[in-house]
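Here is a short report on one protein chain. Look at the fold first, then read on for the details.

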Amino acid sequence: MGLLDKLRTNMLTADGAMGTLLYSYGIEYCNEELNIQRPEIIKKIHQEYIKAGADIIQTNTYGANAIKLARYGLENRVKEINEAAIQIAKQAAAPGEQFVLGTIGGIRGIRKSDATLEEIIQKVDEQVNYLLSGDPDGLLLETYYDFEELAATVTHLRKLTTTPIIAQVSMHEPGILQNGLSLNDALQQLDTLGADVVGVNCRLGPFHTIQALEEVTLPNNAYLSAFPNASLLDIEDGRIVYESEADYFGRAALLLREEGVRLIGGCCGTTPKHIEAAKKRIGHLSPLTTKVVAPKKPIIIREAETNINEPLHEKAQNGRTIIVELDTPRHLDTTTFMEGATKLYDAGVDAVTMADNSLASPRISNMAMGSMLKLQNNIRPLAHITCRDRNLIGLQSHLMGLDALGIHDILAVTGDPTKIGDFPGATSVYDVSSLELIQLIKQLNEGISFSGKSLRKKANFSVAAAFNPNVRVLDRAVKRLEKKIECGADYFITQPVYTKEKIQEIFEATKHLATPIFIGIMPLTNIRNSEFLHNEVPGIKLSDDVLERMRACGEDREHATAEGIQIAKELIDTAAELFNGIYIITPFFRYDMSLELIKHIQEIDSKKVRESSYVQTSN
């Protein structure tokens with residue numbers, strides 16, 4: 001009798017966690033490598049679960065694809081590891097008594113940039129072929145947080161094989177996936193795509209797993225499965241532990257059956273004792289064929305408050321828009337900063353933008369200074385957000401705080417690594433790249449948190465992305481711009497540019513894009529500053545002509561300042577002809593230099609207006 005035939009009339013119990021037991025043995029490296037290094041350990045664990053009453057065991061291949069094995073330098077041993085795993089499981093299982101599932105684990109988490117769907121399918125295809133060569137009773141797809149990845153994998157495998165497929169999603173929050181899709185909708189879609197068993201595993205313990213399944217209807221064709229964690233995890237003396245009594249897990253298995261689940265196993269923290277308890281509770285029962293579905297709780301998401309300011313990207317599409325960067329202080333005296341920001345805004349800039357600890361050096365929080373600018377002086381702030389300093393929790397909290405303060409203009413950047421800054425011993429977080437950060441900010445604009453949970457209100461962020469045109473092959477940089485547009489970028493802000501030819505090159509390379517671009521202009525202050533930027537700051541290169549002009553100023557500060565402003569004006573002349581957006585970067589709090597450049601832009605625009613009026617009058 002095959003697996004699906006058995007599930008048609010029986011409640012089945014699967015095994016529990018493999019990694020939890022290996023971790024308890026003190027093994028903290030690549031679990032899948034043990035299939036070839038210590039096969040007796042893996043076989044022993046299979047046998048312990050079978051002894052506990054498991055009807056189904058799964059191969060030790062959760063991370064046995066080339067992408068995950070590459071972390072350990074084992075990407076060339078996919079065949080060996082998977083074939084060994086299926087052989088070990090087959091040796092442990094009694095033919096006709098236990099079923100063996102070939103396990104494939106999800107690859108993506110929040111970071112879609114970790115691997116493209118094409119790369120994932122290619123590596124899954126490689127792994128599954130080795131698993132199928134061992135003739136498993138089914139394939140188990142587990143711990144998929146990214147539904148797009150799971151749907152693509154099920155679709156591919158269904159075309160490849162008639163072997164039963166069990167497809168399980170993982171949730172951060174009960175009843176909803178990280179993209180905001182409801183669990184019920186996700187499982188129904190997997191059923192439609194051809195999965196034979198659909199369900200959930202990992203992250204949540206029995207309580208929240210049962211809660212999530214209360215709103216799930218029985219699929220039309222597939223059966224339901226659930227492999228919850230033993231409990232929520234805890235940390236004791238630096239080690240991960242799960243506080244859960246086996247009998248509690250057994251009682252939970254009964255409640256899972258009431259929600260229509262007929263295949264019950266365990267994930268993180270579960271042991272043979274948990275599986276034994278579940279087997280005793282449900283092993284003699286028949287599965288339910290009908291269930292009462294709890295009414296879906298209405299999710300009300302309020303619209304965002306109307307932004308009193310026109311979004312910068314919309315303004316830049318229609319006419320001249322100027323933003324000026326003024327770094328927040330590295331000290332606690334904010335007098336000069338507030339004075340400079342006020343003068344810049346009074347001069348007519350559309351927003352004052354503040355970096356987020358640029359060059360990995362700590363400054364006063366741009367959230368704090370942005371709030372002061374907005375509340376005390378009615379100045380529009382544009383806050384940069386780097387992926388370097390905050391994990392996902394911190395990033396969402398920070399963005400929610402910005403929304404609460406009414407700061408809606410954001411520049412999402414990856415951020416300079418900590419080793420170049422004032423604290424080279426500090427760690428860089430980088431839970432996400434700038435591309436994922438843009439997507440997550442846009443998700444907040446839909447009223448959905450990073451975990452998929454409702455935020456009850458939509459945010460209202462206008463999201464800028466960084467553009468470094470100072471590269472050898474500009475077309476590659478433009479391809480990255482196009483990816484950022486796909487992720488939701490509303491406009492771009494460039495690194496400072498120092499040649500007219502580069503500005504013209506940017507225009508030609510991006511004129512097919514409707515997304516506005518702000519050209520970065522940063523006046524030079526002296527030759528030392530110029531050579532530092534040219535030789536040491538990533539993403540900035542000066543022309544030989546500019547370096548020579550600054551070198552000719554020697555130590556004459558006034559001459560150097562005047563020359564730096566003149567060079568910037570010449571660049572602005574070209575930029576203003578081709579782009580509506582101008583981004584002035586203030587060097588060393590020298591906002592007097594930025595003020596002169598603002599005046600120059602305004603004179604250019606005034607002259608254009610006069611010439612246009614003259615032409616119209618003449619006609």
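## The barrel

Two strands pair if DSSP finds at least two bridges between them. Helices (H or I, at least four residues) and strands (E, at least two) are DSSP runs, numbered from the N terminus. In this predicted model, eight strands close into a barrel in the order 11-12-13-14-15-16-17-18, and the pairing is parallel. From one strand to the next, the twist averages 25 degrees. Axes are lines fitted to C-alpha atoms, for helices over the stretch in contact, and angles run from 0 to 180 degrees between N-to-C directions.

Strand 16 can be followed on both sides. Strand 15 (residues 462–467) pairs with strand 16 in the parallel sense over four bridges. There, A464 has Y491 of strand 16 as its bridge partner. Strand 16 (residues 491–496) is also joined to strand 17 (residues 517–521) by three bridges, and these two run parallel. F492 stands opposite I517 in strand 17. Helix 22 (residues 557–578) packs on the sheet and touches strand 17 and strand 18 (581–585). The direction of helix 22 makes about 165 degrees with that of strand 17. Contact here means heavy atoms within 4.5 Å.

Is strand 16 mostly covered or mostly open? Strand 16 is mostly covered, with five of its six residues buried. Buried means under 20% relative accessible area, exposed over 50%, and partly exposed in between (1.4 Å probe, protein chains only).

## Basis of the model

Residues are numbered from 1 along each chain as its sequence is written, and side-chain values use heavy atoms, with hydrogens and water left out. Local features need pLDDT of at least 70, side-chain atom pairs count only at pLDDT 80 or more, and totals for chains, interfaces and linings use all residues.

## The chain as a whole

The secondary structure comes to 23 helices and 18 strands. The C-alpha trace spans about 90 × 50 × 50 Å along its principal axes. Of the 619 residues in the chain, 55% are buried. Take the contacts in the chain with a separation of 6 or more: residues 24 or more positions apart account for 79% of them.

## Two helix pairs

Start with helix 16 (residues 392–404) and helix 17. Their axes come within 11 Å and cross at roughly 45 degrees. The two helices are therefore oblique to each other. Angles under 35 degrees count as roughly parallel, over 145 as roughly antiparallel, 65 to 115 as roughly perpendicular and the rest as oblique. Helix 16 passes helix 17 in a right-handed crossing. A crossing is left-handed if the near helix is turned anticlockwise from the far one by less than a right angle, and right-handed if clockwise. L392, L395, Q396 and L399 in helix 16 meet L437, L440, I441 and L444 in helix 17. The residues of this contact divide into seven nonpolar, one polar and no charged. Ala, Val, Leu, Ile, Met, Phe, Trp, Tyr, Cys and Pro count as nonpolar, Asp, Glu, Lys and Arg as charged, and the others, Gly among them, as polar.

Now take helix 18 (residues 474–487) and helix 19 (residues 500–510). Their axes come within 10 Å and cross at roughly 50 degrees. That makes helix 18 oblique to helix 19. Helix 18 passes helix 19 in a right-handed crossing. On helix 18, L474, V478 and L481 meet E505, I506, A509 and T510 of helix 19. This contact has five nonpolar residues, one polar and one charged.

D416 is found in the loop between strand 14 (409–413) and helix 17 (434–445). D416 is partly exposed, with a relative accessible area of 25%. Leaving out residues up to four places away in sequence, D416 touches S358, L359, A360, R388 and Y430. The C-alpha atoms of D416 and T386 are separated by 8.4 Å, and these residues are 30 apart along the chain.

Y430 also sits in the loop between strand 14 and helix 17. Y430 is not a glycine, yet has a positive phi of about 50 degrees. Its 24% relative accessibility counts as partly exposed. C202 lies in another loop, between strand 6 (197–201) and helix 10 (206–213). The phi of C202 is near 70 degrees, a positive value in a residue other than glycine. C202 counts as buried, at 14% relative accessibility.
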